[in-house]
Amino acid sequence: MTKLILDNLDIAIRKSWGPDTAKGYWKPEVPSLNQCAVTALVVQDYFGGDLLRCSLSNGDSHYWNCLPDGRIVDLSKDQFEFTKQRKFGEVIVRDREYVLSYPDTRKRYEILAQRVYENLGEIWDFVPDKDL
């Protein structure tokens, strides 16, 4: 089986984002808009590591990943070019169960996770070792 690389997961995630996976407002011109929590959860599905969270200048929060090898991965960071929000406050690690304890987040995550799984197969016949 071919090993999954982060670039391929990034492509699959970007193909999978939509209004039904975003937290609130979304626009196709900025597909990463409001996709951070569900995106970080999907990255964690495939690569493990920690979910990082911080507050934003508008009162919302932002999530991204720290992989087991120490790499920082934020696949939805380009939304900030549009929103002009800034990260501030303490960066904390949130456990997966906490993030998924919000029903809307869980629903959006399940939609995104299934689409990513399907899109990985389309991109390069990748078949994960696990069932989603």
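The dialogue below goes through a predicted model, one feature at a time.

Colleague: Where do I start: how many helices and strands does the protein chain have?

Modeller: Start with the count, then the order. The secondary structure of this chain comes to five helices and four strands. Read along the sequence, the pattern is α-α-β-β-β-α-β-α-α.

Colleague: What share of the residues count as buried?

Modeller: Of the 132 residues in the chain, 44% count as buried. Contacts give another view of the fold. Among those between residues at least 6 apart in sequence, 63% join residues at least 24 apart.

Colleague: Which residues have the most contacts inside the largest nonpolar core?

Modeller: The general idea comes before the case. In soluble globular proteins, nonpolar side chains tend to be buried together. Here the largest nonpolar core has 26 residues, and those with the most contacts inside it are Leu9, Ile13, Val42, Tyr46, Tyr109, Val116 and Leu120. At least two core residues come from each of helix H1 (6-16), helix H2 (36-47), helix H4 (96-100) and helix H5 (103-124). H2 gives the largest share, eight residues.

Colleague: Take one of them. What does leucine 9 touch?

Modeller: Set aside residues up to four places away in sequence, and leucine 9 touches Leu4, Val42, Val43, Tyr46, Phe47, Val116 and Leu120.

Colleague: Now the charged side chains. How many salt bridges are there?

Modeller: A salt bridge is read from the gap between a side-chain nitrogen of Lys or Arg and a carboxyl oxygen of Asp or Glu, with a cut-off of 4 Å. By that rule the count is seven. In one of them, the side chains of arginine 14 and aspartate 78 meet at 3.4 Å, N to O. Arginine 14 lies in helix H1 and aspartate 78 in the loop between strand S3 (72-73) and H3, so this pair ties together parts that are 64 residues apart in sequence.

Colleague: Which residues are linked with Arg14 and Asp78 in a network of salt bridges?

Modeller: Asp10 joins Arg14 and Asp78 in that network. As for accessibility, arginine 14 is partly exposed at 34%, and aspartate 78 is partly exposed at 28%.

Colleague: What other salt bridge does arginine 115 give us to read?

Modeller: Arginine 115 pairs with aspartate 20, their closest N and O atoms being 2.4 Å apart. Because arginine 115 lies in helix H5 and aspartate 20 in the loop between H1 and H2, the pair ties together parts that are 95 residues apart in sequence. Arginine 115 is partly exposed, with a relative accessible area of 26%, and aspartate 20 is also in the partly exposed class at 34%.

Colleague: How should I read the largest pocket, and which residues are closest to its centre?

Modeller: Take volume, then lining. The largest pocket holds about 450 Å³ of space. Its lining has 25 residues, of which Lys23, Cys36, Asp60, Ser61 and Tyr63 are closest to the centre. By class, the lining divides into 11 nonpolar, nine polar and five charged residues. Elements that each supply at least two lining residues are H2, strand S1 (50-56), strand S2 (61-66), helix H3 (80-83), H4 and H5.

Colleague: Finally, what lines the largest cavity?

Modeller: The count comes to one cavity of 30 Å³ or more, and the largest holds about 30 Å³ of space. Its lining is Cys36, Thr39, Ala40, Tyr63, Trp64, Asn65, Asp74, Leu75 and Ser76. H2 and S2 are the elements that give two or more residues to this lining. By class, the cavity lining has five nonpolar, three polar and one charged residues.

Terms used:
Residues are numbered from 1 along each chain as its sequence is written. This is a predicted model: local features need pLDDT of at least 70, side-chain atom pairs count only at pLDDT 80 or more; totals for chains, interfaces and linings use all residues. Side-chain values use heavy atoms; hydrogens and water are left out. A nonpolar core is a set of buried Ala, Val, Leu, Ile, Met, Phe, Trp, Tyr and Cys residues joined through side-chain atoms within 4.5 Å. Buried means under 20% relative accessible area, exposed over 50%, partly exposed in between (1.4 Å probe, protein chains only). Contact means heavy atoms within 4.5 Å. On a 1 Å grid over the protein atoms alone, a cavity is a set of points where a 1.4 Å probe fits but cannot get out, and a pocket is an open set with protein on both sides within 12 Å along at least five of seven lines; lining residues have an atom within 4 Å of a point. Grid points are joined across faces, edges and corners, and a volume is the space filled by probe spheres set on the points. Ala, Val, Leu, Ile, Met, Phe, Trp, Tyr, Cys and Pro count as nonpolar, Asp, Glu, Lys and Arg as charged, and the others, Gly among them, as polar.
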